[in-house]
Amino acid sequence: MPETRFTTDHEWVRLDGATATVGITDHAQGQLGDIVFVELPQPGREVAAGEACAVVESVKAASDVFAPLAGRVTEMNAALADDPALANRAAEGEGWFFRMTVADPAAFETLLDATAYAKLTEEA
Amino acid sequence: MPIEILTDEPPLPPRATPLAALHERLGARMVPFAGWMLPVQYPAGIIAEHRHTRAAASLFDVSHMGQVTLAGPGAAAALQALTVGDITGLRPGRQRYTLLTNEAGGIIDDLMVARLGEALHLVVNAARTEADLGHLRGCLPDDVALTHHEDRALLALQGPRAAEALARIAPEAAQLRFMQVAEMTVAGAGLRVTRSGYTGEDGFELSVPHDAAERIAALLLDQPEVKPAGLGARDSLRLEAGLPLYGHDIDEITTPVEAGLTWTIGKQRRVAWDFPGSAAIRDQLDNGAPRLRVGLVVEGRSPARAGCVLVAADGTSAGTVTSGTFAPTREACIAMAYLRRDLAADGTEVFAMLRGKPVPARVVPLPFVPHRYPR
């Protein structure tokens, strides 16, 4: 099972070779509340690390989702278009947002590991 | 450069309502709102809480609302002088929605006024309480005593099954008709109950002494129909019901005509034109207001929220969204907005600029969801 890492902006990243799957964390979905809409980046889009590339709308607010690593988007999760609440029910699984080919897989190591992310959310 | 408001006083920490411990036990997510810590949602979530309110009954802690009593023989005349309503014509036992206006016709606050004997019991917006108190104190004659009830909580029980739930613990309250008020003793506590609310449903608001608030709330939550609901559901419910939120949909520079609240102007007041701002408001009634509050249904699933810019089909500026959300009952994105008068007719298409993209939005009649008040 590939390792999952996290950003301080509450995205998760799972790296398999050079392909990263990206979503929002369970903590993030809990804070957002009921998600009613997700806007995803088109496949082919080049994104920089930290670039706003998706939007998640909950009943309460709109939030940007940032690319955790630089690379090219290859796939978006079509299931979220019909069922945005999937990102609430299965934030760190079936509710993933997009996949990308990362430019520098080694940069993955700079992201937070599960322990560091858990600490971050506890402090919040 | 941003304008900074300098003040010598540090900002006050948000105040807790008497139900803070109960909210914590119920797993609420608390947020600061208008100087108070209030539950935005419980574990069920905003959409589930919204739907439960429309299907059964929900209990809301609205203790942040300001509760003010005006007492004395001149109370009704004094409040009448500051509002657009027929307050002197309000009979004992009845409640009315009214507006405090300024000389320019702008809305200082919207409020509920209930009359018991010669006393008027006001429920005003939390964020406007201090402003209202200052305004009232500066205008009231000496024979009218003002009391700000900081020792009372306010609970709202809302939904089509609210009456049957309340009947088990306060049979007298369940006998009230819509927009009536009564005082009663419930579980040893002196309550003032109105049959009214902010959801478009049947419901009640219960003014409760602090020391009894948790006991009364627990009794209500023990009823099988009743679940807790937070500010998030309160906002989406009132939006569907087309009810304006002060500070978003109405404020000191919107008039009752622009806001679609001309129905609050009493018949006698339209003869006498003796309320604050009556000249400006009369001019708008005669000649039309430049902009009007409307309801919009926005295409797609991405809500147009407060501040969203609206553009007409010909590319000209059309107005601004003042509040918007995904509406669980309509299963669509809805918004309230101010639109240029020539664009405000039902069916008109405008465009909401969402993240730089124009998204079609259509003017629809308010409310979005029909009111279901008891007759």
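**Notes on the interfaces and backbone**

1. Four salt bridges are found by the rule across the interface of chain B and chain A. One salt bridge links the side chains of Glu57(A) and Arg355(B), with a distance of 3.1 Å from N to O. The model is a predicted one, and this distance should be read accordingly.

2. The contact between the two chains involves 15 residues of chain B and 15 residues of chain A. Together, chain B and chain A bury about 1300 Å², of which 48% is on carbon and sulfur atoms. On the side of chain B, the residues that lose the most area to chain A are Arg301(B), Arg305(B) and Arg355(B), which together account for 41% of what that side buries.

3. Polar contacts between chain B and chain A amount to 13 residue pairs, with both residues at pLDDT 80 or more. On the side of chain B that touches chain A, two or more residues are given by each of β3, α2 and β17 (317-327) of chain B. Of these elements, α2(B) provides the largest share, namely three residues. Divided by class, this side of chain B has six nonpolar, four polar and five charged residues.

4. How is chain B divided into domains? Domain 1 comprises 15-63 + 151-240, and domain 2 comprises 290-375. The centres of these two domains of chain B, taken over C-alpha atoms, are separated by 29 Å.

5. Within chain B, 15 residues of domain 1 are in contact with 21 residues of domain 2. The area buried between domain 1 and domain 2 of chain B is about 1500 Å², with 58% of it on carbon and sulfur atoms. In general, the accessible area lost when the parts come together is often used to give the size of an interface.

6. How many salt bridges does the rule find across the interface of domain 1 of chain B and domain 2 of chain B? There are two salt bridges across this interface. In chain B, a salt bridge is also formed by Arg372(B) and Glu201(B), whose closest N and O atoms are 2.9 Å apart. Between domain 1 and domain 2 of chain B, 13 residue pairs are in polar contact, both residues being at pLDDT 80 or more. To the side of domain 1 of chain B that touches domain 2, α2 (46-55) and α8 (231-240) of chain B each supply at least two residues. The residues of that side of domain 1 comprise four nonpolar, three polar and eight charged.

7. The peptide bond between Leu366(B) and Pro367(B) is cis, with omega about 0°. Pro367(B) is placed in the segment after β20 (357-364) of chain B.

8. Which residues other than glycine have a positive phi? Ala34(B) is one of them, with phi near 50°. This residue, Ala34(B), is situated in the loop between β2 (29-33) and β3 (36-41) of chain B. Ala34(B) counts as partly exposed because its relative accessibility is 34%. Trp273(B), likewise not a glycine, has a positive phi of about 45°. The position of Trp273(B) is in the loop between α9 (267-272) and α10 (278-287) of chain B.

Methods: Residues are numbered from 1 along each chain as its sequence is written. Chains are lettered from A and ligands numbered from 1 in the order in which they are written. This is a predicted model: local features need pLDDT of at least 70, side-chain atom pairs count only at pLDDT 80 or more; totals for chains, interfaces and linings use all residues. Side-chain values use heavy atoms; hydrogens and water are left out. Helices (H or I, at least four residues) and strands (E, at least two) are DSSP runs, numbered from the N terminus. Buried means under 20% relative accessible area, exposed over 50%, partly exposed in between (1.4 Å probe, protein chains only). Domain bounds come from an automatic or database domain assignment. Contact means heavy atoms within 4.5 Å. Buried area is the accessible area (1.4 Å probe) that two parts lose on being put together, summed over both. A polar contact is a pair of N or O atoms within 3.5 Å; within protein, one must be able to donate a hydrogen and the other to accept it, and residues adjacent in sequence count only if both atoms are side-chain atoms. Ala, Val, Leu, Ile, Met, Phe, Trp, Tyr, Cys and Pro count as nonpolar, Asp, Glu, Lys and Arg as charged, and the others, Gly among them, as polar.
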